[in-house]
Amino acid sequence: MYEGLKHAHSGLRWVVLVLLILAVVGAYRSWKGGAAGSKMPLFAMIAAHIQLLLGLGLYFISPYVKFTEGFMKDPLLRFYSIEHIAMMLLAIITITIGYSRAKSKPTDAARGRTVYMYYLIALLLVLLAIPWPFRGLGAGWF
Ligand code: HEM
């Protein structure tokens, strides 16, 4: 159960990242070039929400989420118990607000601009909060 959830959560990061990048690029093209909007912002939001559900499940069973004495002094426990969840929640909220604000805009260009701004910020947050292998947090590439 734990291993399966962890692998699903780890692999889904790539889906979230690719969809976010496609949504940002597409939104920029709508904003600047007048290209029609696509479904990519919706797909990226759905992937992020699924990732949130998997992450929440992991949060309750992971051995790296602990609020025992001194956990803030342990970089690994602090990362998963506080930093990862806080930044990812912020990113997913940013995506959701961006998507719903874009929907109420009157033109493709205005929708593109809104998605571009919100999703770009979310993309940066997600990139910063992923436990990349070179960060020494014990996680791999997949
Ligand atoms: C777009 C959002 C997210 C991305 C891209 C993401 C990505 C990742 C990655 C790559 C790992 C490392 C998995 C491994 O060890 O191979 C991880 C671990 C983890 N994530 Fe997320 N995550 C996201 C959101 C969340 C959220 C919202 C939560 C909590 C509600 C969460 C909870 C966790 C936990 C608890 C672990 C540690 C698993 C363990 O090794 O025991 N994640 N995440």
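A residue is called buried under 20% relative accessible area, exposed over 50% and partly exposed in between (1.4 Å probe, protein chains only). Keep in mind that this is a predicted model, where local features need pLDDT of at least 70, side-chain atom pairs count only at pLDDT 80 or more, and totals for chains, interfaces and linings use all residues. Residues are numbered from 1 along each chain as its sequence is written, and side-chain values use heavy atoms, with hydrogens and water left out.

**First stop: the rings.** Rings of Phe, Tyr and Trp (its six-membered ring) pair if their centres lie within 6.5 Å; planes under 30 degrees apart count as stacked, over 60 as edge-to-face and the rest as tilted. The whole structure holds twelve aromatic pairs. Select phenylalanine 67 and phenylalanine 71: this pair is edge-to-face, 5.0 Å centre to centre with 65° between the planes. Phenylalanine 67 is exposed, at 52% relative accessible area, while phenylalanine 71 is buried, at 13%.

Now select tryptophan 132 and phenylalanine 134. Their ring centres are 6.5 Å apart and their planes at 10°, so the pair is stacked. Tryptophan 132 is buried at 10%, whereas phenylalanine 134 is exposed at 62%.

**Next stop: a charge over a ring.** This label applies if NZ of Lys or CZ of Arg is within 6 Å of the ring centre and within 35 degrees of the ring normal. Select lysine 32 and tryptophan 31: lysine 32 lies over the face of tryptophan 31, 4.1 Å from the ring centre.
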